[in-house]
Amino acid sequence: MEFKKFDNEIDASKFAADIVLDLIKNNNKAKLGLATGSTPITLYDILCSDYIKNKTNWSEVKTFNLDEYYGLSIESKASYHYFMNHHLFSKININKSNTYFPSENNNYDNLIKQNGSIDLQILGIGTNGHIGFNEPGSDINSLTRLVDLTKSTIEVNAKKFFNNDISAVPKKAISMGLKSIMQAKKIVLLAFGSSKYDAISKLKKSTKFDPNFPASVLFDHPDVTIIIDKEADIDL
Ligand code: GLP
């Protein structure tokens with residue numbers, strides 16, 4: 001795991017955007033694994049600005065999102081489908097039929113395999129160490145499946161995305177598993193702000209998989225870059 005620390009979220013996101021854009025420029029059929037949440041929004045903004053300026057060609061790129069809430073209409077403004085359309089897909093020339101999300105019936109891991117595996121997986125991290133929606137207790141061999149969200153994740157997401165209305169937050173989601181994520185050729189994890197400090201400190205110390213801290217699985221991947229701002233790790 002390589003840690004790259006920046007003064008602020010914008011510089012950090014620019015660094016991440018360059019990794020994405022270099023990949024697409026070298027391989028116009030690149031397969032990207034994408035994350036939602038507040039963390040990658042600046043990265044997606046930069047990718048949209050790049051499209052206006054440089055017309056980077058996304059027409060043959062395929063994207064695979066990490067997760068989606070279960071039981072929420074994909075038209076809902078809180079759905080991850082809506083999030084991706086709003087923050088990225090509607091602002092670049094991606095072909096919508098090349099954008100995939102896990103669902104109960106689409107055999108997502110096979111779908112990814114049939115497309116030849118993910119070249120670059122973008123991740124955020126939950127304050128409890130979840131990646132995707134792989135909450136503490138997740139199995140190291142987990143594949144895409146229906147998962148229960150923890151109370152703390154529901155509370156955090158209620159504040160950020162549901163006007164603090166806990167009752168509106170779905171209690172389940174479909175998430176790529178830890179094994180699914182680890183199959184990506186390259187992984188970039190973003191973490192910004194002091195709320196991620198504890199998770200990043202734990203990640204730095206990870207030398208083996210701890211099911212109570214799912215992000216620790218990454219220690220064993222050959223190509224992981226952790227991109228953080230100074231608030232997420234004042235000690236680095
Ligand atoms: C969410 C998502 C994750 C995301 C994480 C952090 O619940 N399922 O994919 O990385 O929690 O979210 P945020 O970026 O808003 O801090």
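This report covers the ligand site and the aromatic pairs of a predicted model.

## Ligand shell

The ligand has 14 residues around it, and those that come nearest are Ser38, Thr39, His130, Lys160 and Lys196. By residue class, the shell consists of eight polar, three charged and three nonpolar residues.

The space that the ligand takes up is the largest cavity.

## Polar contacts and burial

In the side chain of His130, an N or O atom is 2.9 Å from an oxygen atom of the ligand. Asp67 places a polar side-chain atom 2.9 Å from a ligand nitrogen atom. For Gly132 the backbone is involved: one of its N or O atoms lies 3.2 Å from a nitrogen atom of the ligand. The protein buries 97% of the 390 Å² that the ligand exposes when taken alone.

## Aromatic pairs

A pair of aromatic rings is described by two quantities, the distance of the centres and the angle of the planes. The model has seven aromatic pairs.

One of them joins Phe6 and Phe15, with ring centres 5.2 Å apart. Their planes are at 40 degrees, so this pair counts as tilted. Phe15 has a relative accessibility of 27% and therefore counts as partly exposed, since that class lies between the limits of 20% and 50%.

Tyr80 and Phe133 form a pair with ring centres 6.1 Å apart. The planes of Tyr80 and Phe133 are at 15 degrees, so the pair is stacked; the cut-off for stacking is under 30 degrees.

Technical notes: Residues are numbered from 1 along each chain as its sequence is written. This is a predicted model: local features need pLDDT of at least 70, side-chain atom pairs count only at pLDDT 80 or more; totals for chains, interfaces and linings use all residues. Side-chain values use heavy atoms; hydrogens and water are left out. A residue is near a molecule or strand if one of its heavy atoms lies within 4 Å of it. A polar contact is a pair of N or O atoms within 3.5 Å; within protein, one must be able to donate a hydrogen and the other to accept it, and residues adjacent in sequence count only if both atoms are side-chain atoms. Accessible areas come from the Shrake-Rupley method with a 1.4 Å probe; for residues, only the protein chains shown count as cover. On a 1 Å grid over the protein atoms alone, a cavity is a set of points where a 1.4 Å probe fits but cannot get out, and a pocket is an open set with protein on both sides within 12 Å along at least five of seven lines; lining residues have an atom within 4 Å of a point. A molecule sits in a cavity or pocket if more than half of its atoms lie within 2 Å of its grid points. Ala, Val, Leu, Ile, Met, Phe, Trp, Tyr, Cys and Pro count as nonpolar, Asp, Glu, Lys and Arg as charged, and the others, Gly among them, as polar. Rings of Phe, Tyr and Trp (its six-membered ring) pair if their centres lie within 6.5 Å; planes under 30 degrees apart count as stacked, over 60 as edge-to-face and the rest as tilted. Buried means under 20% relative accessible area, exposed over 50%, partly exposed in between (1.4 Å probe, protein chains only).
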